[in-house]
Number of protein chains: 2
Amino acid sequence: MLATYTGVPTVLSADLGSPVTAVEHEDCPVTDVLRRVGDKWSVLIVVLLGRSPRRFNELHRSIEGISQRMLTRTLRGLERDGLVTRSVQPTVPATVEYALSELGGSLLLPLSALTDWVMAHNGDIALSRGRYDSQREDGHMS
Amino acid sequence: MLATYTGVPTVLSADLGSPVTAVEHEDCPVTDVLRRVGDKWSVLIVVLLGRSPRRFNELHRSIEGISQRMLTRTLRGLERDGLVTRSVQPTVPATVEYALSELGGSLLLPLSALTDWVMAHNGDIALSRGRYDSQREDGHMS
DNA sequence: CAGCATCCACGTTGATACTG
DNA sequence: CAGTATCAACGTGGATGCTG
């Protein structure tokens, strides 16, 4: 089931300037997607919509703690990038359904690779943090 | 070369509360790593250290535009999580070498999955943005 | 129901100056 | 060389009130 991939990570063979310039870093499409993935709500919304399409308030109720403003903003961003589709039914009052696009669906796979890694190494990270933090608090003598 | 994986993305089968509570979202180790991956410098530093270990100022020169403060902060964060190792040579003045740990190296694979996805679909995203933006500016009539 | 507009708090990042 | 300390700017996210 788990193919233990042994090749060289492609990030290591990517062509980077030396030094990496500020513009290169800022204009890089990867940087761009990483920012999106790192924001507070995008991934959660993508995952939820990956399970089933939902209307605006349905989504709002699915996520405790998200403000209306941020739900709107995040959905607009995802829609703009083509990851999410927005369809308005001309009922009164209006009904709007959000769904994952094919592009958005394809993002779930690399996303899963990342979340699987976290679940596998989460314990190591916690241990490392524990060690690091305890070394500072008790005297941090050389 | 490219194994077209057809299984169900594991993020979709992950157990989530309904609604997802604020605490669940905040305490989730995945959320945590996503924030790190989404910050401005972490991934770049991980990739650079994945190519070769470097000293502090070496790293500083490798990345145009990063401030000394942010380089320090980012390295501390990566070290705390156990992704990067820091070794001090007792020379005068001190020499400090940073390197990717085994854990950090293992992160390069899921990271590559993500960056590969971006390189493959970058064009789609750009097109979608173009369409979205032009629809708003020219009159956005119904 | 599905938003937008406004104002505000906070966290992240950057600039600058200084140190073992 | 490899940092720390302080202050300032900016962007993200939240609260509240209003609307087609």
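Trainee: Which residue of chain A forms a salt bridge with Asp133(B)?
Mentor: Start with the rule: a salt bridge is a side-chain nitrogen of Lys or Arg within 4 Å of a carboxyl oxygen of Asp or Glu. Here the closest N and O atoms are 2.4 Å apart. The pair crosses between chains, from helix α7 (residues 102-137) of chain B to helix α6 of chain A. The partner of Asp133(B) is Arg80(A).

Trainee: What kind of model is this, and how are its residues numbered?
Mentor: This is a predicted model: local features need pLDDT of at least 70, side-chain atom pairs count only at pLDDT 80 or more, and totals for chains, interfaces and linings use all residues. Side-chain values use heavy atoms, without hydrogens and water, chains are lettered from A and ligands numbered from 1 in the order written, and residues are numbered along each chain as its sequence is written, from 1.

Trainee: Is Arg80(A) buried, partly exposed or exposed?
Mentor: Buried means under 20% relative accessible area, exposed over 50%, and partly exposed in between (1.4 Å probe, protein chains only). Arg80(A) has a relative accessible area of 27%. That makes Arg80(A) partly exposed.

Trainee: How many residues apart in sequence are the parts that Arg36(A) and Asp81(A) tie together?
Mentor: These two form a salt bridge, with the closest N and O atoms 2.7 Å apart. Helices (H or I, at least four residues) and strands (E, at least two) are DSSP runs, numbered from the N terminus. Arg36(A) lies in helix α3 (residues 29-38) and Asp81(A) in the loop between α6 (68-80) and β2 (84-89), so the parts tied together are apart in sequence by 45 residues.

Trainee: Which residue of chain B is linked in a network with Asp32(A), Arg36(A) and Asp81(A)?
Mentor: The links in this network are salt bridges. One member, Asp81(A), is buried at 3% relative accessible area.

Trainee: How many residues of helix α4 of chain B are buried?
Mentor: This helix spans residues 42-51 and is mostly covered. Its buried residues include Ile45(B) and Leu49(B).
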